[in-house]
Amino acid sequence: VAWDEGAVKRAIAEIVDDTLRAARDGVWPVHELDGGAQRGVSRTLYLGSAGVLWGLSWLAEQGAMAADGRLRDWSLALPERYAAGPDTGSVVPSYFLGEAGVLTVALRAVASRTERRAEWQARLLAAVDGNLHNPALEALWGAPGTALAAAFLHEQTSEPRWRQCCQRNVKALFDSWHWHEDYGCELWLQDLY
């Protein structure tokens, strides 16, 4: 099929309309094939509302959909919603499956410095630093994911503390390499589940 920008724009508009219609005041039901989320909703980046809100906000920023003030309101409500009902049963620092991703989405939605922003930044910094030595040395649970949150906040704010936080995460990852004689190289040994 030949490229048709109009068809692409119509397809995006249809997906956005379907997505917004499925919203339940800023949360979306998890698809039955994804499973694993409590009470049929997820608030995180990986399967849930934070990921949907980030995606929709990005489309609006790019002009691929009309601006919708609800996205900002829903993003700002997400940290408390997550804290009240974490997907995993308890608050975890994970970027994709926990608080770091939820806070990153909320902080993207805050346009000016506010008391809440300072609180969320403090919580995010604590989550990222608290995840430095997570034995799951992969992005879903571990430091590679939470380092992304620090990188995004540095990109957004240009504050040196976020760059330093990201660097601490990367250093912790490199420090966890161990020489493996059989392969003649440094490897990570993960403890996942």
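Is Ser75 buried or exposed? In this predicted model, Ser75 is buried, with a relative accessible area of 2%; buried denotes under 20% relative accessible area, exposed over 50%, and partly exposed the range in between (1.4 Å probe, protein chains only). Ser75 belongs to helix α3, residues 69–84, and touches Leu53, Val105, Ala106 and Ala109, when residues up to four places away in sequence are not counted; a contact requires heavy atoms within 4.5 Å. Residues are numbered from 1 along each chain as its sequence is written, and side-chain values use heavy atoms, with hydrogens and water left out. Because the model is predicted, local features need pLDDT of at least 70 and side-chain atom pairs count only at pLDDT 80 or more, whereas totals for chains, interfaces and linings use all residues.

The protein chain contains 7 helices and 2 strands, in the order α-α-α-α-α-α-α-β-β from the N terminus; helices (H or I, at least four residues) and strands (E, at least two) are DSSP runs. Of the 193 residues, 41% are buried. Residues at least 24 apart account for 59% of the contacts between residues at least 6 apart in sequence.

Within α7, Trp162, Cys165, Cys166, Asn169, Ala172 and Leu173 are buried. These residues cover an arc of only 120° around the axis and therefore lie on the same side of α7, the arc being that of the directions from the helix axis to the C-beta atoms.

The structure holds 12 salt bridges, each defined by a side-chain nitrogen of Lys or Arg within 4 Å of a carboxyl oxygen of Asp or Glu. In one of them, Asp25 pairs with Arg81, with the closest N and O atoms 2.7 Å apart. This pair links the loop between α1 (5–22) and α2 (49–61), which holds Asp25, to helix α3, which holds Arg81, across 56 residues. Arg81 is partly exposed, at 23% relative accessibility.

A salt bridge also joins the side chains of Arg43 and Asp87 (3.7 Å, N to O). Arg43 lies in the loop between α1 and α2 and Asp87 in the loop between α3 and α4 (99–109), so the pair ties together parts 44 residues apart in sequence. Both Arg43 and Asp87 are buried.
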